[in-house]
Amino acid sequence: MEEGERSPLLSQETAGQKPLSVHSPPTSGCLGPVPREDQAEAWGCSCCPPETKHQALSGTPRKGPAPSLSPGSNCVKYLIFLSNFPFSLLGLLALAIGLWGLAVKGSLGSDLGGPLPADPMLGLALGGLVVSAVSLAGCLGALCENTCLLRGFSGGILAFLVLEAVAGALVVALWGPLQDSLEHTLRVAIAHYQDDPDLRFLLDQVQLGLRCCGAASYQDWQQNLYFNCSSPGVQACSLPASCCIDPREDGASVNDQCGFGVLRLDADAAQRVVYLEGCGPPLRRWLRANLAASGGYAIAVVLLQGAELLLAARLLGALAARRGAAYGPGARGEDRAGPQSPSPGAPPAAKPARG
């Protein structure tokens, strides 16, 4: 083969291959392959130091220390962590209680593959899962300066604010009908008193706390199949212990039979044993009395979430500014320029060996 001619086999083997870069320094502290150009933006989601990211993206080591966050940005970072840490613990606690309640009642193992059970414990578990996930994203995103987690945290807080605004608007718009439907709701709960242990516990707490019995009067318990006087069971013409004036009867435990046979008595005899007033009017008065406090708590939660959203936006801006300072104005251009052509004075490349 004459000098200056290229081997066709060699040209086919080397065709389409890009020249290899000689700059491939190790990225200490952040193991893994060097990202391609289309993966450069995804590296904002890692906890690696800025200088390590710059070395991996540009192939050249940085000179000097990496820029650090300002004292104000550091304060914002730790504020986000400290404000979300208690909510993370509360969310995990609610999740654990909800799962424990589902396991105790057997709701987790029943009807596998079927629809989810309409259980308050399921709502508690799902709520705890969502709150803990969003709060942990805020904690870890702030602590690791992770932009992906901070964006997810901001999206979760924004979704909470939208849902709370919709719920508040519905409560304000339907406040009158909600109060009017209290007695109907109580009657439905009385009819299904024995069907659901959660409903039974809630109704007992309402009657004990408000010192009432039934919806409009204690005679509403006639609508329950077990307490109705025509029932053949032992609870016929009786009332639950939560209707009794003194359910413990000066004892350590609740006497479940304190209301037995009360529906057979007249009003004068019954008022010595149970409360005669229904729970509808006292519950309506309780809601009106606690409306201002509930609204204050809701406004405080919304303000706290808004402040956390602003703090997250402030920290994301500081991280973006630090990333720009770490890369430099021409760092991205150099990274995407690819291999540079040799200068005119550079020596020519070595010729292939002669066959």
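**Reading the disulfides**

Tutor: Start with handedness. The torsion about the S-S bond of Cys212 and Cys279 is about 95°, so this disulfide is right-handed. Keep in mind that the model is predicted.

Student: Which parts does the pair of Cys212 and Cys279 tie together?
Tutor: Cys212 lies in the loop between helix H8 (197-210) and helix H9 (267-270). Cys279 lies in the loop between H9 and helix H10 (280-289). The pair therefore ties together parts that are 67 residues apart in sequence.

Student: What is a disulfide?
Tutor: A disulfide is a covalent bond between the sulfur atoms of two cysteines. For Cys212 and Cys279, the sulfur atoms are 2.0 Å apart.

Student: How many disulfides are there?
Tutor: The count is 4. Among them is the pair Cys213 and Cys243, with sulfur atoms 2.2 Å apart. Both of these cysteines sit in the loop between H8 and H9, 30 residues apart.

Student: Where does UniProt list a transmembrane region?
Tutor: The unreviewed UniProt entry lists residues 78-102, 122-144 and 156-176. In the model, residues 122-144 are 100% helix, with end C-alpha atoms 32 Å apart. Residues 156-176 are 95% helix and 0% strand.

Conventions:
Residues are numbered from 1 along each chain as its sequence is written. This is a predicted model: local features need pLDDT of at least 70, side-chain atom pairs count only at pLDDT 80 or more; totals for chains, interfaces and linings use all residues. Side-chain values use heavy atoms; hydrogens and water are left out. UniProt positions are given in the numbering used here, feature names are shortened, and annotations may be inferred rather than shown by experiment. Helices (H or I, at least four residues) and strands (E, at least two) are DSSP runs, numbered from the N terminus. A disulfide is a pair of cysteine sulfur atoms within 2.5 Å.
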